[in-house]
Amino acid sequence: SCTSHLVDLGGLGMGPEGSDIHDEGLFVPPCKLVEAGEVNSLLLDIIKAKSREPIANEGDIYALIACCEAGAKQLVGMMDEFGLDQLDQLAQHIIETSRAGTRDAISQVPDGAYSSALTLDGYETEIELHAKLTVAGGEITLDYEGTSGCSNKGINVPLNYATAYSVFAMRCIIGPDIPNNAGSLEPFKVVAPKGCILNAESPAPVAMRHTIGQLTPDLVYGCLHQALPGQVPAEGASCMYDLPLRSAAEVARNGGQVFAVELAHNGGTGARPGKDGLSATAFPSGVWGSQVEITESVAPVLIKKRELRPDSGGPGRYRGGLGQHIELCSSNGQAFQVFLSVERVNNPAGGRDGGGIGLPGRSRLDDGPGLPGQGEVTVRAGQARVFETPGGGGFGPPAERDPIALSRDVEQGLVSPESAATQYAPSFREASE
């Protein structure tokens, strides 16, 4: 299956502004895309007719078909190589071994109940995420009781999405060398009250579910930190700075270039127990970020600047990863719209074990005042939209930072001399000497 990876489809298109799921995409009843080697041309025509980027979407669909074909050929090739005519016995062995290994890994976590909470910027109002993680009998149950209700905008999260990222976070700490399958995932249970923002039900809008859903690992780590001190990273930027861009409505009416493109940029990850955080790197999504050259080749958008954001990583024995400074404008004088729904603008990433917070994200037009993290903005000719993605939190007391590492940070422009002097003393004095 594939979600979110067609560039533009249906209704309002990709973004948080939909009031229900019918604003956000195209519902297709179960039917065959390909039958006996022939593509269902009528279905493909319907999908293309519902898009501002029909050619790109058609290419995406053929790419997905090719992925399925490549996977099937490799699977059959493996079965031929080892003389297998069915996979049941092998699959059962893998599942049982993975289940036993995972239960053994869970047994290394002290039994008990651990709770944490996060306050997020939200859309209409701030959002509270609450979690209680219970470890008992070789199993872990994560309960989101107490979490805020759904939003009117498309930042709501279906429970399967919240479960996927929550369990992923746990699996990064507990038995990370064991492959994901039905056996290794079985001991993890995630529950949430119906109608809360982590258990949205149809027809709640969910297009930008990652805005909230990809912050669940930080919530989970707030619990695991209590059970496994010294083994869990600090909070990070977490959710991607997802920037859907579209030509302004008047452009199409005046015969201008119509386009839709979705950019993904990242902030810094939280510092790790033994290493600095990663700069401009997505966690937990793994999306590395949109390429400047590709963006400029497919849309009338000019990326004027993209660089690391000094001092954005939270100070600590290990420094949080840095965010980015990004400036973009129109390349052909046409206005375009940006649909923004991001977090960590009012509630930055927290540190761990005495580490400092990362800098929050910011958005503005030219040198104007900061804009909210959510909403629609039109960028006119001659204007530039400026985005600054958040930094990750630090780990451990800043005074304990290695002076050589601090000197290197200052030399490379990652930490300013002023910040080094105020946030890292006495480590800064040793670095100066």
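Trainee: Why is Arg-319 called buried?
Mentor: Arg-319 has a relative accessible area of 6%. Buried means under 20%, exposed over 50%, and partly exposed in between, using a 1.4 Å probe and protein chains only, so Arg-319 counts as buried. Before we go on: this is a predicted model, in which local features need pLDDT of at least 70 and side-chain atom pairs count only at pLDDT 80 or more, while totals for chains, interfaces and linings use all residues. Residues are numbered from 1 along each chain as its sequence is written, and side-chain values use heavy atoms, with hydrogens and water left out.

Trainee: What makes Arg-319 and Asp-276 a salt bridge?
Mentor: A salt bridge needs a side-chain nitrogen of Lys or Arg within 4 Å of a carboxyl oxygen of Asp or Glu. Arg-319 and Asp-276 have N and O at 3.6 Å, so they meet that rule. Arg-319 sits in the loop between β9 (301–308) and β10 (324–330), and Asp-276 in the loop between β8 (260–265) and α9 (292–298), so the pair ties together parts 43 residues apart in sequence. Helices (H or I, at least four residues) and strands (E, at least two) are DSSP runs, numbered from the N terminus. Asp-276 is buried as well, at 18%.

Trainee: How do you know that Asp-218 and Arg-344 are in a salt bridge?
Mentor: Their N to O distance is 2.8 Å, so the pair passes the same cut-off. The two are 126 residues apart, with Asp-218 in helix α7 (residues 216–227) and Arg-344 in the loop between β11 (336–341) and β12 (362–365). Both count as buried, Asp-218 at 5% and Arg-344 at 2%.

Trainee: Why is Glu-250 called partly exposed?
Mentor: Its relative accessible area is 26%, which falls between the buried and exposed limits. Arg-380, at 41%, is also partly exposed. Glu-250 and Arg-380 form a salt bridge, with the closest N and O atoms 2.6 Å apart.

Trainee: How many salt bridges does the rule give?
Mentor: The count comes to 17. Arg-99, Arg-103, Glu-139 and Glu-186 are linked in a network of them.
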